[in-house]
Structure formats: C-alpha cells, structure tokens
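Please study the sequence and the structure shown below before reading further. The paragraphs that follow move from a pair of charged residues to the chain as a whole, and then to other pairs.

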Amino acid sequence: MPRLRLAPLCCALTAALAAFAAPVHAQSLIELYDAARGYDATYQGARSAYEAALARAAQTKAGILPSVGLSANASRTEQELRVENFGSTNRTIPQESAGINATQPLYRPANWATYEQGKRQVDIAQTQLTLADQDLIVRVSQAYFDVLASQDSLALVRAQKVATNEQLAFAKRNFEVGTATITDTREAQARYDLVVAQEISALNDLQIRRIALDQLVGRVNATPIPLAAPVVLPPPPTDVDQWVRQAEDGHPSIIQAQRNLEVAHLEVDKARAGHKPTLDAQLGYNVTNNPSGTTTSTSLQGIRVNAASIGVVFNLPLFAGFATENRIKETLSLEDQSRSQLEATRRNVTQATRTAYLGLVAGAGQVKALEAAEASSQSALDANRLGYQVGVRINIDVLNSQSQLFQTRRDLAAARYNVLMGNLRLRQANGTLVESDLQPINGSLAAPGNAGASASPDQPSAATQSPVPVPPANVQPPTGVTPPPVRAPR
C-alpha cells in the first residue's frame with residue numbers, strides 16, 4: 001500500500017525532472033558574469049550613481065571659472081508733464097537696453113575648497129563602483145555554485161533513492177525466503193519514504209536556485225558548467241599578514257573613508273572662509289537706447305548710451321550673527337566623526353580579511369577530511385552490504401551506511417564549492433578582487449563538449465567524487481554459511 005500511495009507523487013517528480021533533462025547549452029562562469037554586468041539592476045544602478053557623481057563633482061569647478069551673462073530689456077513709460085500756468089501734457093518714453101557682463105572670482109577660499117572637494121568626490125565615486133564590481137562577482141559566483149550544489153544534492157538523493165529501493169527489494173526477498181524478519185522490510189520502506197521526501201525538497205531547492213541565477217544574469221534556464229574531474233582546488237594561502245597589509249594599503253572602503261576625511265577637512269576650510277574677504281573682477285559692456293529722450297529731460301531727441309566697464313569688487317564680512325563660528329564648530333565635529341569612521345573601516349577590513357582567510361584555510365582542510373571520509377564511508381557501505389548478505393549485519397546497518405555515504409558526498413561537494421567561493425571572498429575582503437580572478441575558476445570547469453560539461457540532476461558531478469582510493473571490503477563469510485542467492489527485484 002505505501003508503494004501505491006507514492007506512485008502519483010513519483011510520476012509528478014518524474015515529469016518535473018524531465019524539464020531539466022532537455023539538452024541545453026551550458027554556460028561558463030565568465031559567460032554568466034558578462035551577462036550579469038549588462039542586466040543586473042543593482043549593478044546598473046551603481047553605474048548610474050557613478051556617472052551622476054562624476055557630473056556632480058564637475059559642477060564644483062564652476063566656482064573658480066568666470067561667469068558670463070547676456071541681458072536685454074525693453075520698457076515703455078507713460079509720463080505726464082504739468083507746468084504751472086501752462087497746463088499739462090502726456091508723452092510716451094520707450095527705452096531699450098542690452099549688455100554682456102562677466103565676473104571672474106579672484107579670491108574666494110570657499111569656492112576653491114569646494115573645487116578640491118569635487119576632486120575627492122571623483123575618487124569616492126570610483127571606489128563605490130569598484131565595490132559594486134566586486135559585489136557582482138561574488139553574487140554571480142555564489143548563484144552559480146548554488147545551482148551546482150543543488151543539482152549535486154538532487155542527483156545524490158536520487159541515487160540514494162535507487163540504492164534504498166534495491167535494499168528494500170532485497171529485504172523483501174529475504175523475508176519471503178525466511179532469512180529476515182518483517183522489521184527489515186519496514187525499516188527499508190521507512191527509509192525509502194524519507195528519501196522521497198528529501199527528493200521533493202531537493203527539487204524545490206534547485207528550482208529556487210535556478211530562478212535566482214536566471215534573474216541575476218537575465219537568461220532563461222541558465223545552466224552552469226560543473227567542475228572537471230578530477231577536481232583541482234587552488235592551494236590555500238599561507239601568510240595572513242600579507243593579505244592584511246595589502247588590504248590596508250588599497251582597500252576601496254579604506255580609500256573611500258580617507259577621501260571622506262579629506263572632504264570633511266575641506267568643509268572646515270569652507271566654514272572658516274566665512275571670516276575671509278572675497279575679491280572678484282568684473283567686465284561689462286551695456287547699451288541703452290532712448291528714442292524719445294528720458295524721463296528727466298524735456299527734449300524729444302533720441303539718446304543712446306554705450307558704456308564699457310571694468311573693475312574689481314571687494315567684500316569683507318563683519319558680523320553674521322555668530323553663524324560662521326557655529327558652522328566652524330559643526331564642521332570640526334564632523335571631521336572628527338570622519339576620522340573615527342576611517343579607523344573603524346580599517347579595523348573592519350582587517351577583521352574581515354582575517355576571518356575570510358581562516359575560513360578558507362579551514363574549508364581546504366575540511367575538503368581533505370571529507371575526501372577521506374567519503375572513501376571510508378564507501379568502504380563501510382561495501383562491508384555492511386556483504387555482512388548483511390552473509391548474516392553478520394542487519395538491514396538498518398546497510399541503510400545507515402548508505403545515508404552516511406550520500407551525506408558525505410553532499411558535504412564534500414558543498415565544501416569544494418565553498419573553497420572556490422572562499423578564494424573570491426578573501427580577495428573581496430582585502431579589496432583586490434577583479435574580474436580576472438574568475439579565470440582560474442573558469443579553467444577548472446569541464447571543457448565544453450565533454451560528457452561532464454553539462455550538469456544534470458540525474459548524475460552527481462565530479463565535485464562529489466573523492467580521489468582517495470577505496471580499499472576493498474574485507475568481510476569474509478563465516479565458516480559454513482552460504483549467502484542467499486541474489487535475484488533481480490520484482
């Protein structure tokens with residue numbers, strides 16, 4: 001009855017998995033990264049912010065360059081003239097004027113401080129774009145390996161289901177011939193039902209991971225290329241202090257904090273400029289035309305005035321209601337805040353670099369341990385299977401060995417992917433991550449056209465395989481015990 005209840009569910013799973021079996025062109029990590037650079041909304045927003053910051057910084061140059069303006073005016077005045085004993089008369093006086101005027105700042109400390117701030121803002125915008133680049137590399141790589149890990153997990157669960165089904169059939173045969181109890185059958189059936197539930201969860205996780213990757217790179221059914229066999233991981237780093245020094249010398253976050261401190265210092269200079277005088281040069285040429293005279297003359301003859309002017313304007317602030325003094329106090333406090341933020345950034349970068357370094361070293365050691373554990377688990381499974389056939393082991397021993405083996409393989413694949421991601425995260429932590437760092441990882445993928453170049457949820461990838469040789473099982477049947485015949489499952 002349990003087998004009959006699971007039949008519709010297995011059919012649904014088979015139909016869902018059929019979509020993954022369709023042949024598609026697999027993409028490498030660099031190929032999907034290039035696609036994400038032109039599609040990812042977060043990165044595109046960062047590029048737009050960078051371009052806006054460049055334009056905003058360029059605006060600060062206007063304060064030290066001359067300003068030129070062209071003006072024109074036309075007016076009409078109605079005038080009433082009243083003369084005693086002669087009555088009054090009305091006349092209309094039109095006036096037209098045009099001119100061009102230019103102003104060149106000669107001494108404006110606040111404007112020069114703003115111009116220097118603009119230069120620092122360009123550096124800040126560049127560091128922010130660099131951080132966005134590094135974040136995109138990590139996000140694409142993480143989504144790439146998440147899909148591969150989910151495919152491996154699903155493939156291993158399906159392989160475990162096949163193995164558990166075989167063990168269930170073997171337990172039923174032994175029960176029929178009287179060499180095993182019904183307990184073995186029920187234990188195998190319970191384990192089989194549990195693996196089916198795990199398969200459903202693994203399938204759902206794979207679908208979610210693929211959706212996330214598709215959304216990131218802007219493609220439908222993006223298919224990552226798995227790792228090539230044998231899997232070769234980069235050697236772990238050896239000197240954490242060198243990574244930390246490299247981070248302190250050129251991490252984008254530290255450079256950004258340093259530029260923010262310089263901007264804050266220049267803001268103090270701008271505030272202090274409130275006590276300083278300003279000096280501007282002015283140059284102008286204006287033409288005024290009065291065809292019917294002016295309002296102050298009684299002549300009706302036209303008057304035209306051409307005036308050229310040149311000079312300097314000096315201004316010295318004397319008192320502004322203590323606004324300048326309080327502004328200086330404010331900017332000094334903000335400068336201290338920027339200095340504290342710079343120190344905090346240095347400490348955070350150092351901590352993140354050391355944490356990423358230790359995580360990478362531990363991950364590399366974990367891979368070695370899991371490779372040995374995978375070989376040992378395979379040997380233990382072989383021994384338990386043989387022991388069950390000859391009657392020195394029970395069915396639950398075989399089932400437990402199967403679960404341990406497949407769990408170890410899942411952990412091994414995840415650990416290998418974590419090591420590859422750890423290398424990228426270490427470079428991100430110390431601020432040196434660039435696109436070329438993807439090349440070694442891309443080189444470790446299966447070559448296009450090979451049988452292993454397209455990952456499949458039906459076949460575990462090379463990431464689950466251990467290069468450690470598996471010793472043969474050493475279990476010998478007891479004297480006088482004949483193993484039962486092995487027949488095909490019914």
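Why are arginine 327 and glutamate 330 separated by about one helical turn? The model considered here is a predicted one. In this model, arginine 327 and glutamate 330 are three residues apart in helix H8 (residues 323-390), and therefore about one helical turn lies between them. The two residues form a salt bridge, in which the closest N and O atoms are 3.0 Å apart. Side chains of opposite charge can pair when their charged atoms come close. Arginine 327 counts as partly exposed, at 29% relative accessibility, and glutamate 330 is likewise partly exposed, with a relative accessible area of 41%.

The secondary structure comprises 10 helices and four strands. Along the sequence, these elements follow the pattern α-α-α-β-β-α-α-α-α-β-β-α-α-α. The chain has 490 residues, of which 38% count as buried. It exposes about 26,500 Å², and carbon and sulfur atoms supply 56% of this area. Among contacts with a separation of 6 or more, 84% are between residues 24 or more positions apart.

Glutamate 335, by contrast, has a relative accessible area of 10% and counts as buried, because the limit for buried residues is under 20%.

Salt bridges may also share partners: Glu116, Lys119, Arg120, Asp123, Arg259 and Glu262 are joined in this way into one network.

A further pair leads away from helix H8. Lysine 161 forms a salt bridge with glutamate 199, and the closest N and O atoms are 2.9 Å apart. Which parts of the chain does this pair link? Lysine 161 belongs to helix H4 (residues 109-177) and glutamate 199 to helix H5 (residues 182-217), so that distant parts of the chain, with the two residues 38 residues apart, are linked. Both partners fall under the 20% limit and therefore count as buried: lysine 161 has 15% relative accessibility, and glutamate 199 has 1%.

Note on methods. Residues are numbered from 1 along each chain as its sequence is written. This is a predicted model: local features need pLDDT of at least 70, side-chain atom pairs count only at pLDDT 80 or more; totals for chains, interfaces and linings use all residues. Side-chain values use heavy atoms; hydrogens and water are left out. Buried means under 20% relative accessible area, exposed over 50%, partly exposed in between (1.4 Å probe, protein chains only). Contact means heavy atoms within 4.5 Å. Accessible areas come from the Shrake-Rupley method with a 1.4 Å probe; for residues, only the protein chains shown count as cover. A salt bridge is a side-chain nitrogen of Lys or Arg within 4 Å of a carboxyl oxygen of Asp or Glu.
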